[in-house]
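The following exercises are intended for a reader who meets this structure for the first time.

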There are 4 protein chains.
Amino acid sequence: MARRERSGSGNGKARAPRGTRVEREAERKKTILRAAVDVFSKKGFHGCRIADVAREAGVAYGLVYHYFKDKDELLESVFESGWAGFLGRVQAEIEKDVHLAARIRGIVHVAFDAYRKDPRGVKVLILEVGRSPAGGAVNRGGAFTQVVLGAAEMFREAQRRGEMPSQLDAALAAVMLFGAIEMGLTAFVLGILDKRDEAAIERARDQVAETFLSGVLGAGQPLSLPEAPWTEKSGTKSRAERQS
Amino acid sequence: MARRERSGSGNGKARAPRGTRVEREAERKKTILRAAVDVFSKKGFHGCRIADVAREAGVAYGLVYHYFKDKDELLESVFESGWAGFLGRVQAEIEKDVHLAARIRGIVHVAFDAYRKDPRGVKVLILEVGRSPAGGAVNRGGAFTQVVLGAAEMFREAQRRGEMPSQLDAALAAVMLFGAIEMGLTAFVLGILDKRDEAAIERARDQVAETFLSGVLGAGQPLSLPEAPWTEKSGTKSRAERQS
Amino acid sequence: MARRERSGSGNGKARAPRGTRVEREAERKKTILRAAVDVFSKKGFHGCRIADVAREAGVAYGLVYHYFKDKDELLESVFESGWAGFLGRVQAEIEKDVHLAARIRGIVHVAFDAYRKDPRGVKVLILEVGRSPAGGAVNRGGAFTQVVLGAAEMFREAQRRGEMPSQLDAALAAVMLFGAIEMGLTAFVLGILDKRDEAAIERARDQVAETFLSGVLGAGQPLSLPEAPWTEKSGTKSRAERQS
Amino acid sequence: MARRERSGSGNGKARAPRGTRVEREAERKKTILRAAVDVFSKKGFHGCRIADVAREAGVAYGLVYHYFKDKDELLESVFESGWAGFLGRVQAEIEKDVHLAARIRGIVHVAFDAYRKDPRGVKVLILEVGRSPAGGAVNRGGAFTQVVLGAAEMFREAQRRGEMPSQLDAALAAVMLFGAIEMGLTAFVLGILDKRDEAAIERARDQVAETFLSGVLGAGQPLSLPEAPWTEKSGTKSRAERQS
DNA sequence: GATGAATGAGTGTTCATTCAT
DNA sequence: GATGAATGAACACTCATTCAT
């Protein structure tokens, strides 16, 4: 952002071929970031050392500290560069002024596409994000929570528009959406589904979207299921029990 | 050896089993285990030190090593004692010979009940389990995967019985089920939903179950949605778009 | 020594079969001592744990501490029980009123016999004794030094008696004697010579004795060796330089 | 990169090699090694802590680990740097193509010179080397054994050349040689002889060499000793008894 | 900017020793 | 006397971070 152009000051000797100093620096930073993603995805945040990242990036040990204040900032950058982009795209889908179904499909698509493009990165996100109870480090919670809340608002709006029954709690719907997506991807990460099968990934994507939609939209019409006890009872009952 | 029989003094019901050395040792071990769960849930696996566990349990540092070979074994025990129990109950639900809907509800109930009984423990499970790319330590992967596969089999069986449409991939259905549950609980862990509201927990439980059921069972009847592009086209289309 | 006979005091019930309590205790202590020798010989003093000794002896962990104040005392006892005996016998040989040659042979015999009877014990002595620079523990230095000094006195006496030339420093002769013996045994301990070959042990014993004798007794008659430069030069010179 | 050429400022003789990073690192490593030798010689291997070595060397704790993988490697280096050099020089003496007597004297000289130059180092070698039954660490055994075997070969060769009677077992002769040397030095280490008396050291050196030579070379001519019982009997006898 | 040596606090683990039963 | 659980000091090793070149 703070671009400081300082094109050649008469230094007629050797000049770095491609790109300004600034550009090359940005390049370096990206290299390190990418290396960090790789290493994190292999060993996890805690299991990796700065030395690993440096080696993977092919730069000197101390250079990492030129670009990142400390390990935490590095992690945060990883998330900003990956997660933020992802969340941004999700948010964009959320804000589209189309029918709920289209938005859901859009969100799911964004997630699965991200996985197809950068399985490593997604793996890191899935495995590390939100798993930092120590706080401090990955403050993904915040960003992620924001998106979930945004999605909840989307559902609420859809309910107002009549695009979806009002019985289902909007926040819960949002949560379930991301749960379905995450586990869908986790299935590939853990090897339950074959990650090398492109078609399988696409199929999973569509089924996740449609199944979720079917569940959410059909929530109003309690299909005649054999005994669906809690749909009515539970609410009442629990309220009664609440006295203790 | 030094058996100290202290036959009930009229206390016809529960009898304090304290006294035998063996019993007190088992007690100690449990104390440490509980302390470990507590500490883990507060600081996560990597953020916790043996010293913390010992302090929390109120025992001497070295005693932890009397009962557990090393930190990894302690962690594994935490998961075995918590996770294994949970997975066992899930498995029991899976194997019940009732309609799919009942089984799904049973599974969801087991999970939410576990959370109600021991939020801390569940938090640990959710935040740490399966997030140990370093491998070795938390070998939950295996057990969890087994249960997911078991659930997949359940869905497959249900499809054969005609209790559920065959279009949805059974494995994916299993994965989504656990995803919905996990995220449902995560919502409480992360504070998106109010964990102190017992009724909210029950409501979430039921909605998760019913929504999931609705989605899975209704998967056959693609409700007349405004544009549901991928249901049919997807495979072809995406392959076409792949050119870029 | 302090035998405290307390034959049955009318205790008509169960009585320990063989031996008084005192006797059984002495027995225990010996068992532990033997176990300690074994373990030390396998892992060395520092490499072994009290637990190892206890296990080897087949007694409970804490019992070792009933009989020995601490690890150091245990080690000292090992040396006292083995080393002291050995040194005593050596001392006896030293004090015999016979010709030097006979005494030397006697000493060598004592050492090699000890090895034949208890290779383990000798190994411990050789490998650990005198290797405790930390002081404290093995105060063998003292005892060993005493014996060396005793042997030196023996040589001095022999020189007075004319049984041996006076040129060789008596103290050095003593030192060399034990050096030859120790290395002779070390050869078996390290496997340079075959420890299972009884005849080899006997041969080594005799050759050590005779060679040493030959060297010491012949010290007066500087066999016409091709160039024996230091015998005269160095000695004289150094004595001259000694003034400073 | 930042090469800072500081070509001699008229200092025609010795040039301070300091300046290059590599050189200073080698220097550092040596400093640590020397410190390790010092600490070992004071406290022994087991009694010394990495912290001691670091303090003695005046470097930071962690730096020791920068140069040495772990404590064992440090120890090994200590021995390699000291022991290997010593053994090499001994081996050189062994391989010289001169009369046995000269070689023996050479070997003894090498040993005593080493002691004069670096009593500390020799002390470590004497007190710790070969006393590591735990194996692994000090693999001196191998190197030392090799030299002993080399010396044995030297004696065998001398026997073929007729420089020494054939009765004495060559391997035993080798063993005794080193035994005499070791104990000769031990006498100074233990304080039996005065280590500050340079002349005493020289005298001891020469007497050890000559006495040993006298013993070995005179081995053929069993000086008319009063009763030399085993010289004939024992050998024969033991061979006979060997039947059992 | 780049490099990697230097630093040292933090933590897992061991094990001698004590003590209640 | 026996037993082995309990205690905690001691120490090896790691690794984030700094700094001189």
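**Exercise 1. The surface near DNA strand F**

Which element gives the most residues to the surface near DNA strand F?

Solution. The model is a predicted one.
Step 1. The surroundings of DNA strand F consist of 32 residues, and the closest of them are A:D70, B:A60, B:G62, C:A60 and C:G62.
Step 2. Two or more residues of this surface come from each of α2 (50-57) of chain A, α1 (21-47) and α3 of chain B, and α2 (50-57) and α3 of chain D.
Step 3. The element that gives the most is α3(B), with 4 residues.
Step 4. Sorted by class, the surface near DNA strand F has 16 nonpolar, 6 polar and 10 charged residues.

**Exercise 2. The make-up of chain A**

How many helices and how many strands does chain A have?

Solution. 
Step 1. Chain A has 10 helices and 0 strands.
Step 2. Read from the N terminus, its elements follow the order α-α-α-α-α-α-α-α-α-α.
Step 3. Of the 244 residues in chain A, 43% are buried.
Step 4. Among the contacts in chain A between residues at least 6 apart in sequence, 60% join residues at least 24 apart.

**Exercise 3. Helix α8 of chain A against helix α8 of chain B**

Describe how α8(A) and α8(B) are placed relative to each other.

Solution. 
Step 1. Helix α8 of chain A and helix α8 of chain B, residues 170-189 in each, have axes 7 Å apart and pack at an angle of about 130°.
Step 2. The two helices are therefore oblique to each other.
Step 3. The crossing of α8(A) and α8(B) is right-handed.
Step 4. Among the residues that make the contact are A:L172, A:V175, A:M176 and A:F178 of α8(A) and B:L172, B:V175, B:M176 and B:F178 of α8(B).
Step 5. The contact of α8(A) with α8(B) contains 15 nonpolar, 4 polar and 2 charged residues.

**Exercise 4. Helix α9 of chain A against helix α9 of chain B**

At roughly what angle do the axes of α9(A) and α9(B) cross?

Solution. 
Step 1. The axes of helix α9 of chain A and helix α9 of chain B, residues 198-217 in each, cross at roughly 120° and come within 7 Å.
Step 2. The angle makes α9(A) oblique to α9(B).
Step 3. Their crossing is right-handed.
Step 4. On the side of α9(A), the residues are A:T211, A:F212, A:S214, A:G215 and A:V216, which meet B:T211, B:F212, B:S214, B:G215 and B:V216 of α9(B).
Step 5. This contact of α9(A) with α9(B) has 4 nonpolar, 6 polar and no charged residues.

**Exercise 5. Two single residues**

Is C:M176 buried or exposed, and is B:E95 buried or exposed?

Solution. 
Step 1. C:M176 lies in helix α8 (residues 170-189) of chain C.
Step 2. Within 10 Å of C:M176 there are 28 other C-beta atoms, so C:M176 is buried, the cut-off for this being 20 or more.
Step 3. C:M176 touches D:A180, D:M183, D:G184, D:V208 and D:T211, residues up to four places away in sequence not being counted.
Step 4. B:E95 belongs to helix α4 (residues 71-95) of chain B.
Step 5. B:E95 has 11 other C-beta atoms within 10 Å and is therefore exposed, as the cut-off for this is 12 or fewer.
Step 6. B:E95 and B:A152 are 57 residues apart along the chain, and their C-alpha atoms are separated by 12 Å.

Terms used. Residues numbered from 1 in each chain as written. Chains lettered and ligands numbered in written order. Predicted model: local features only at pLDDT ≥ 70, side-chain atom pairs only at ≥ 80, totals over all residues. Contact = placed C-beta atoms within 7 Å. Axes fitted to C-alpha atoms, helices over the stretch in contact; angles between N-to-C directions. Parallel < 35°, antiparallel > 145°, perpendicular 65-115°, else oblique. Left-handed = near helix turned anticlockwise from the far one by under 90°. Nonpolar A, V, L, I, M, F, W, Y, C, P; charged D, E, K, R; others polar. Near = placed C-beta within 6 Å.
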